[in-house]
Amino acid sequence: MEESAQAFKNLHSREYQGHKKKVHSVAWNCTGMKLASGSVDQTARVWHIEPHGHGKVKDVELKGHTDSVDQLCWDPKHSDLIATASGDKTVRLWDARNGKCSQQAELSGENINITYKPDGTHIAVGNRDDELTILDVRKFKPVHKRKFNYEVNEIAWNMTGEMFFLTTGNGTVEVLAYPSLRPIETLMAHTAGCYCIAIDPVGGYFAVGSADSLVSLWDISQMLCVRTFTKLEWPVRTISFNHTGEYIASASEDLFIDISNVQTGRTVHQIPCRAAMNSVEWNPKHNLLAYAGDDKNKYQADEGIFRIFGFESP
């Protein structure tokens with residue numbers, strides 16, 4: 001415990017500015033060298049991040065959406081392909097090298113969630129009307145559509161792509177078989193709505209963040225809750241496992257991001273922040289945590305920034 005707390009103690013955060021309005025979503029590509037940010041300003045940006053470098057950061061703007069870019073995710077098998085979901089009802093696929101949109105699908109509602117299947121063949125999209133659409137990436141056409149009669153918050157595949165998870169406003173996690181989308185199990189996870197879900201990259205666990213301010217950790221093979229993380233006091237908006245599965249970051253309207261040891265449940269570090277957080281995501285290769293929230297400047301205007309924690313002092 002002491003060792004892991006020491007590991008984070010002397011690290012600091014860097015700030016990245018480029019968006020004109022607040023950043024809703026941050027995501028790393030599969031090599032951990034690029035970070036994408038999606039914003040209320042209707043753009044996404046791709047930043048080239050050197051894990052140990054201090055140079056000027058180049059960024060590429062992805063322009064074309066006509067409403068907020070609420071969530072984005074990278075192709076797990078291709079380091080330059082990124083998908084964005086927007087309130088303008090479209091999902092777009094971009095090439096991060098030149099910022100060009102290569103594919104576009106017009107869906108039926110305002111899109112708020114997007115995730116890739118781990119093998120890179122399909123993208124799942126959730127909208128404000130609790131409708132799920134699965135797109136075949138090659139044709140960029142819907143292959144499944146399903147509307148649910150409950151509030152669907154976040155969605156995720158397990159690492160093998162055989163199970164599909166939905167977190168719901170009823171405090172449950174719905175586990176479906178994939179590709180049939182047949183219900184396998186309903187987990188009574190929390191006493192209030194479940195907002196977010198993260199899959200441990202090593203594959204043994206998943207975690208759920210809830211409006212009851214708790215994060216629950218589940219054994220994926222037994223579908224049993226093994227522990228809860230209790231440090232936050234506000235609804236949990238965003239969670240992420242680090243690349244080794246050792247640590248979990250969680251954030252909310254509390255003015256800190258909690259980093260806890262997955263095995264012990266104990267906090268190893270807290271990153272102070274100035275606003276409610278919208279998105280935290282660990283780099284897939286290094287202990288670098290990107291985070292973005294509702295930061296405002298002294299005139300109460302959106303700052304449009306995100307930060308990355310985990311750099312050693314120069």
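Predicted model: local features only at pLDDT ≥ 70, side-chain atom pairs only at ≥ 80, totals over all residues.
Strands here are DSSP runs of E, at least two residues long, and I number them from the N terminus.

Ground rules next. Residues are numbered from 1 along each chain as its sequence is written, and side-chain values use heavy atoms, with hydrogens and water left out.

I started with Asp-130, which sits in the loop between β11 (122-127) and β12 (131-136). Its phi is positive, about 60°, although Asp-130 is not a glycine. Asp-130 counts as buried because its relative accessible area is 19% (buried is under 20%, exposed over 50%, partly exposed in between, with a 1.4 Å probe and protein chains only).

Then I looked up Lys-89, in the loop between β7 (81-86) and β8 (90-95). Phi is positive at Lys-89 too, near 75°. Lys-89 is partly exposed, at 37% relative accessibility.

I also noted a cis peptide bond from Tyr-178 to Pro-179, omega near 15°. Pro-179 falls in the loop between β16 (172-177) and β17 (183-188). I flagged these spots because most residues other than glycine have a negative phi, and most peptide bonds are trans.

**A buried Asn**

Is Asn-113 buried or exposed? I find Asn-113 buried, at 8% relative accessible area. Asn-113 belongs to strand β10 (residues 111-116). Leaving out residues up to four places away in sequence, I get contacts (heavy atoms within 4.5 Å) from Asn-113 to several residues, including Gln-71, Ala-85, Asn-153 and Glu-154.

**Cores**

A nonpolar core here means buried Ala, Val, Leu, Ile, Met, Phe, Trp, Tyr and Cys residues joined through side-chain atoms within 4.5 Å. The largest one has 16 residues, and Phe-8, Ile-257 and Ile-259 have the most contacts inside it. At least two residues of this core come from each of β23 (247-251), β24 (256-261), β25 (267-272), β26 (277-282) and β27 (289-293). A second, separate core holds 15 residues, among them Val-173, Leu-187 and Ile-199.

Back to Phe-8: beyond four places in sequence, its contacts include Tyr-247, Ile-259, Trp-282 and Phe-309.

I traced an open antiparallel sheet of four strands, ordered β18-β19-β20-β21; pairing needs at least two DSSP bridges between two strands. β18 (194-199) and β21 (224-229) are the edges: each has a single partner strand, so one side of each lacks a neighbour in the sheet. Inside the sheet, β19 (residues 205-210) and β20 (residues 215-219) pair antiparallel over five bridges. Phe-206 faces Trp-218 of β20.
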